[in-house]
Structure formats: C-alpha cells, structure tokens
Amino acid sequence: MVLPHLTDDPDGLFEELKGTVVAWPRRTAPEHHEALFDVLCARFGRRAVAERSGYSGHRVPQLHAAFPGAKFVHMFRDGPDCALSMSRHPGFRLILLRREIQARTGAAHADAPLTEEQVRSLPPELAGLLTVPFDPALVLDRPLPLAEFGALWSQVVTEAADHLGRLPQEQWIPLAYEDLLDAPRRELTRLAAFFGVEPLPQWLDAGCAMLDGGRRGASLRLPPGELAALRERCAPGMRALKAAGGPPLTADQRLFRRAPQ
C-alpha cells in the first residue's frame with residue numbers, strides 16, 4: 001500500500017529496499033520503521049513522512065509510545081454526513097456486523113474466536129460471515145440501522161479526542177473536512193506548516209482539485225425522522241469535539257469548526 005504512492009515501479013523499489021533492509025540488525029519495530037523512513041526520505045529527497053489511516057484514533061497511545069516525536073492530525077467530518085458515508089462502506093458495515101455477532105454470542109470482544117456452539121446459535125446471515133470466503137452480499141445488502149453508524153461515529157471521535165487531548169498541545173491539530181472545503185489553500189498550508197514542510201504550489205493545486213463540495217450536507221436529504229435519530233446518536237461525538245476546544249455548535253448541529261492554531 002505504501003510503495004505505489006511513492007513510485008510507478010513499486011516492485012523495483014521493493015527489490016531495491018530488500019537489498020538494504022535484510023542486512024539490518026535485530027531491533028524494535030519502531031526502530032525499524034524509523035530506519036525505513038530515513039531510507040525512503042533519502043531515496044526520494046523528502047523531509048517528512050505522513051501516514052493516514054481511518055478508524056485509528058484508538059491507536060494514538062500506542063503510536064505515541066512508539067514514536068514520541070510524531071505529530072498527529074485529527075481529521076473529522078460533520079457527524080451525520082460521516083455516519084451516512086460509513087453506512088455505505090464495507091469496512092464499517094462489517095464492524096457493526098461483527099459487533100452484532102459479539103452481542104448475540106456473548107464473546108469477550110468482536111475478534112474473539114467462537115465455539116461451534118456459538119456459531120450454530122447465529123442466524124445464517126451472520127454465521128456466513130465466519131467462513132472464508134463469504135458472500136459479499138452478506139455485508140453489502142443486509143439492512144443496517146443508520147443510527148447505529150451515528151453511534152459508531154460518536155464512539156470513534158470521542159475516543160480519538162480523549163487520547164489526543166492527553167498529548168502535548170504542540171503535537172496535534174484538528175483538520176475539519178468542512179474547513180478544507182471552505183478554505184482549502186489556507187488549511188493545507190496550515191497542515192504543511194504543522195509538519196514543518198513547504199506547501200508546494202503543485203501540491204496545493206492537486207489538493208484543491210481533489211475536494212468535492214457536493215458531499216457536504218448529504219445527511220440533510222434524509223427523511224426528517226431518520227435524520228433526527230441520526231443526530232441524536234451523533235450528539236456525544238459532537239460534544240466531545242466541542243470539549244476538545246471547538247466553538248459552539250451551529251443551530252442545526254451540522255458543522256464542526258476549529259480555529260487554526
């Protein structure tokens with residue numbers, strides 16, 4: 001996943017790296033990562049390494065412990081809009097289905113191995129997810145309550161805000177999707193400054209071209225009752241973002257803002 005973002009010949013780069021990496025001494029995983037970052041920066045003439053993973057706020061303590069000097073960017077979007085998007089994403093749909101399996105079987109956690117008896121207790125549409133391969137329709141086509149994705153969004157942002165709030169203030173910043181839409185060059189320039197790199201004009205142009213303002217407010221097209229239920233489940237996450245330092249919520253509770261730091 002990493003190398004194709006750096007070169008059009010990822011296999012060639014892999015072979016090139018192999019000649020160096022296999023000779024490294026035994027050391028910790030963070031030390032290996034740091035060494036790899038140094039090699040890649042030297043190879044491509046870069047000064048910084050940035051990694052972006054969704055659904056990773058719960059990993060902040062581990063990442064901070066492994067890389068004490070790393071900086072964090074909390075990327076977030078309007079709660080109901082984001083929950084609506086999550087409801088269409090196979091990964092987040094599978095997360096909810098695995099949680100339903102956990103609730104029905106009494107498993108200790110969503111990834112816990114199940115006994116044959118526990119598997120037999122599940123309805124076919126859930127038991128089918130435990131075989132490899134499984135029918136993608138079991139994930140993509142099963143009706144799932146939209147409000148549950150609002151609850152999942154709230155949990156994710158609340159957990160992330162709590163972990164990030166424990167870091168030194170200079171080691172993290174927020175980045176709201178809505179702010180990117182309103183002022184992309186300002187926000188991308190702020191992001192580059194946070195990482196200590198120059199916001200190259202071609203990078204700013206490419207970033208601005210990628211933004212799609214047509215997705216803002218997507219949840220407002222939901223039926224009123226469904227939207228109200230979704231907003232209610234998103235409310236804890238919205239309060240967490242506000243407590244993390246944001247200004248008061250708008251009247252319709254759609255936008256999250258953080259002033260540039």
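1. The structure is a predicted model. His 74 makes contact with Val 157, Ala 160, Leu 164, Trp 172, Ile 173, Pro 174, Leu 175 and Leu 241, once residues up to four places away in sequence are left aside. His 74 belongs to strand β1, which covers residues 72-76. With a relative accessible area of 9%, His 74 falls under the 20% limit and is therefore buried.

2. Two of the residues touched by His 74, Val 157 and Leu 241, also take part in the packing of helix α9 with helix α13. Helix α9 spans residues 146-165 and helix α13 spans residues 224-243; their axes lie 8 Å apart, at an angle of about 5°. Since angles under 35 degrees count as roughly parallel, α9 and α13 are therefore roughly parallel to each other.

3. On the α9 side, the residues in this contact include Leu 146, Trp 153, Val 157 and Ala 161. From α13, the residues include Leu 230, Arg 233, Cys 234, Met 238 and Leu 241. By class, the contact of α9 with α13 comprises 14 nonpolar, 4 polar and 3 charged residues.

4. Helix α13 also packs with helix α4 (residues 79-86), the two axes coming within 9 Å and crossing at roughly 105°. This angle lies in the range of 65 to 115 degrees, so α4 is roughly perpendicular to α13. Gly 79, Pro 80 and Ala 83 of α4 meet Leu 230, Arg 231 and Cys 234 of α13. The contact of α4 with α13 divides into 4 nonpolar residues, 1 polar and 1 charged. Leu 230 and Cys 234 of α13 are also listed in the contact with α9.

5. Is Leu 129 buried or exposed? Leu 129 has a relative accessible area of 10%, which means that it is buried. Leu 129 sits in the loop that runs between α7 (124-127) and α8 (137-140). Residues up to four places away in sequence aside, Leu 129 touches Leu 97, Ile 101, Phe 134, Leu 138 and Val 139. Although Leu 129 and Val 139 are 10 residues apart along the chain, their C-alpha atoms are separated by 8.1 Å.

6. The second largest pocket holds about 170 Å³ of space. Its lining consists of Tyr 55, Ile 95, Arg 98, Arg 99, Gln 102, Ala 110, Asp 111 and Gln 155. Helix α5 (residues 90-105) gives the most to this lining, with 4 residues. By class, the lining has 3 nonpolar, 2 polar and 3 charged residues.

Key: Residues numbered from 1 in each chain as written. Predicted model: local features only at pLDDT ≥ 70, side-chain atom pairs only at ≥ 80, totals over all residues. Heavy atoms only, no water. Axes fitted to C-alpha atoms, helices over the stretch in contact; angles between N-to-C directions. Parallel < 35°, antiparallel > 145°, perpendicular 65-115°, else oblique. Contact = heavy atoms within 4.5 Å. Nonpolar A, V, L, I, M, F, W, Y, C, P; charged D, E, K, R; others polar. Buried < 20%, exposed > 50% of the residue type's maximum accessible area, 1.4 Å probe, protein only. 1 Å grid on protein atoms, 1.4 Å probe; cavity = no way out; pocket = protein on both sides within 12 Å on 5 of 7 lines; lining within 4 Å. Points joined across faces, edges and corners; volume = space filled by probe spheres on them.
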